[in-house]
Amino acid sequence: MAMTDRAIKSFKTSKKTILSDGNCLELEVTPSGIKRWYYRYKICNKSRKLPLGYYPEMGLMEARAEVALHTSKRRNSSELNPYDPLALRDQEIQDQIAAADAQEKQAELARIRYAEELADRKSVV
């Protein structure tokens, strides 16, 4: 059954519930009222769940558009190199961590060089 914005707004539950819109879009609703969108897909016969965002920050139409984009990319990918949005997101996070580490190392080297220069200046005077 397709979801509607009105039904989503008014939906309440006493236990964690997952509503499916079909076409790989799911909405997880908690008893505290938190509603989170997921893109559900399979890769290599394993079920995967990509978090898309929270309702109402991401509306129903935006979530459907996001799912359509990922579905289209998955259909256009090859079997040898399948499109896996969760793996891509994880790789982006690892790249950001590596870049931050490299930047931190460069800053530490700059501090050490500066301290050495100051020490050299003081020893000359």
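**Questions on a predicted model**

Student: Where is Asn-45 placed?

Tutor: Asn-45 sits in the loop between E3 and E4. Strands (E, at least two residues) and helices (H or I, at least four) are DSSP runs, numbered from the N terminus. This is a predicted model, in which local features need pLDDT of at least 70, side-chain atom pairs count only at pLDDT 80 or more, and totals for chains, interfaces and linings use all residues. Residues are numbered from 1 along each chain as its sequence is written, and side-chain values use heavy atoms, with hydrogens and water left out.

Student: Why is Asn-45 called exposed?

Tutor: Its relative accessibility is 76%. Exposed means over 50% relative accessible area, buried under 20%, and partly exposed in between (1.4 Å probe, protein chains only). Asn-45 at 76% therefore counts as exposed. Asn-45 also has a positive phi, near 60°, and is a residue other than glycine.

Student: Why is Cys-24 called partly exposed?

Tutor: Cys-24 has 34% relative accessibility, so it counts as partly exposed. It lies in the loop between E1 and E2. Though not a glycine, Cys-24 has a positive phi of about 75°.

Student: What follows E4 in the model, and which residue is found in the loop between E4 and H2?

Tutor: Pro-56 is found there. A cis peptide bond joins Tyr-55 and Pro-56, with omega about 10°.

Student: Why is Thr-13 called buried?

Tutor: Thr-13 has a relative accessibility of 19%, so it counts as buried. Its place is the loop between helix H1 (5–10) and strand E1 (17–22). Beyond its neighbours within four places in sequence, Thr-13 is in contact (heavy atoms within 4.5 Å) with Val-29, Thr-30 and Pro-31.

Student: What makes the approach of Thr-13 to Thr-17 a polar contact?

Tutor: The rule asks for a pair of N or O atoms within 3.5 Å; within protein, one must be able to donate a hydrogen and the other to accept it, and residues adjacent in sequence count only if both atoms are side-chain atoms. The side chains of Thr-13 and Thr-17 are joined at 2.8 Å, so the distance falls within the cut-off. A polar atom of the Thr-13 side chain also lies 2.6 Å from the backbone oxygen of Lys-15.

Student: Which residues touch the most other members of the largest nonpolar core?

Tutor: Ile-8, Leu-25, Leu-27, Trp-37 and Leu-52 do, in a core of 17 residues. E2 (25–29), E3, E4 and helix H2 (60–76) each supply at least two of its residues. The largest share, four residues, comes from E3. Such a core is a set of buried Ala, Val, Leu, Ile, Met, Phe, Trp, Tyr and Cys residues joined through side-chain atoms within 4.5 Å.

Student: What is the radius of gyration of the protein chain against that of a compact globule?

Tutor: The protein chain has 24 Å, whereas a compact globule of 125 residues would have one near 14 Å. The value is taken over C-alpha atoms, and the globule rule is 2.2 Å times the number of residues to the power 0.38.
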